[in-house]
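Subject: Model for you to look at

Hello,

Here is the structure I promised. Please open it next to this message.

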Amino acid sequence: MRLILLGPPGSGKGTQAQRLIHRYGIVQLSTGEMLRAAVAAGTPIGLKAKDIMASGGLVPDEIVVSIISDRIDQPDARKGFILDGFPRTVPQAEALDELLKKKHMKLDAVVELRVNESALLERVERRAAETRGRGEEVRIDDTPEVLIKRLASYRQLTEPLIHYYSERRKLLTVDGMMTIEHVTREINRILTAIGAVEPQHAPKEAAKATAGSRSKPVAKAVKAAKRPVKAARKAAKAAARGAKKPVRKGAIAKGGKSPKKVTKKRAKR
Ligand code: AMP
């Protein structure tokens, strides 16, 4: 399974990536983590990235693209990966398309964690306090001033990726304001619905809920996900063809309902 996690700083990408890698046995490829390691090790890339990162700016595309390209080739990424913090610009997304094509790899989905911006500052402050509490060093860019800059850069340069992947029928949007547990469940559910998850990983309760409440084509895909993988993929494709709306978007939007509405309904149960 190959995924991209998309969302502003503090939206929970790192937390959700950790949960997904444990569940599916894939690796998390975080450009932020790799760059921080390069800075700590004082490598030539680290030296170039250090000041840019400290100020909340973006490291040049060619640097991050080459880091990711090399990392994807490592044996531990063969089973699949989650890209966290990459791509961050449309040129990076285009470069990723190109390099995946060259490597004969296919992207399964892009999971967007949609969050309320006003909550982000609080989340990042909490993250810094928790890190301090564990006696660890706080990230130099986890300050309110730098966060404001990182958010502006997200809005200007990264948000266009939502349109980019939506047009390519890859986008799945999840309400990132739910609890960590709920967000994880929702991600697992939609990955099952599109047939990206192998049957042994499919969450039973999620598949049931989806089959009962989703549009016919998506429910069919979910049912099929319980069958052997090949058959499930085939049915998911057929469902996508039959759906009036793009099936991936429909898998979340649920016939026009916003993720928030879906959440509220579920919270009442
Ligand atoms: P993150 O841990 O994803 O919040 O990234 C921390 C910092 O690393 C960012 O604020 C950027 O300065 C840099 N960075 C991480 N990923 C990228 C990327 N894909 N493109 C450019 N800069 C990046």
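Below is what was found in it, from the overall fold down to single residues.

First, the ground rules. This is a predicted model: local features need pLDDT of at least 70, side-chain atom pairs count only at pLDDT 80 or more, and totals for chains, interfaces and linings use all residues. Residues are numbered from 1 along each chain as its sequence is written.

**Overall**

The protein has 14 helices and 5 strands. These are DSSP runs numbered from the N terminus: helices are H or I with at least four residues, strands are E with at least two. Of its 269 residues, 35% count as buried. Buried means 20 or more other C-beta atoms within 10 Å of a residue's own, exposed means 12 or fewer, and partly exposed is in between, with C-beta atoms placed from the backbone. Among contacts with a separation of 6 or more, 70% link residues 24 or more positions apart. A contact needs C-beta atoms, placed from the backbone, within 7 Å.

**The sheet**

The 5 strands make an open, parallel sheet in the order S2-S3-S1-S4-S5. Pairing requires at least two DSSP bridges between two strands. S2 (27-30) and S5 (171-175) are the edge strands; each has a single partner, so one side of each lacks a neighbour in the sheet. From one strand to the next, the twist averages 25 degrees.

S1 (residues 2-6) pairs with S4 (residues 109-114) in the parallel sense, over 4 bridges. There, Leu3 has Ala109 of S4 as its bridge partner. S4 and S5 also run parallel, joined by 5 bridges. Leu113 stands opposite Val174 in S5.

How is S5 enclosed by the rest of the structure? 5 of its 5 residues are buried, so S5 is largely enclosed. Side chains in a regular strand alternate between the two faces of the sheet. In S5, Leu171, Thr173 and Asp175 are buried on one side, Leu172 and Val174 on the other. Helix H9 (residues 180-193) lies across S4 and S5 and runs at about 155 degrees to S5. That angle is between N-to-C directions on a 0 to 180 degrees scale, with axes fitted to C-alpha atoms, for helices over the stretch in contact.

Arg168 is in the loop between helix H8 (160-167) and S5. Arg168 is partly exposed, with 14 other C-beta atoms within 10 Å. Its C-alpha atom is 10.0 Å from that of Ala109, 59 residues away along the chain.

**Cores**

A nonpolar core is a set of buried Ala, Val, Leu, Ile, Met, Phe, Trp, Tyr and Cys residues joined through C-beta atoms within 7 Å. The largest has 40 residues, and Leu5, Ile82, Ala109, Val110 and Val111 have the most contacts inside it. H9 supplies the largest share of this core, 5 residues. A second, separate core of 5 residues includes Leu35, Ala38, Ala49 and Met53.

Beyond its neighbours within four places in sequence, Leu5 has contacts that include Lys13, Ile82, Asp84, Val111 and Leu113.

**Ligand shell**

Which residues come nearest to the ligand? Of the 17 around it, they are Thr31, Gly32, Val59, Gly85 and Arg88. To count as near, a residue needs its C-beta atom, placed from the backbone, within 6 Å. Helices H2 (31-41) and H3 (44-55) are the elements giving two or more residues to this shell. H2 gives the most, with 3 residues.

Best regards

Technical notes: Contact = placed C-beta atoms within 7 Å.
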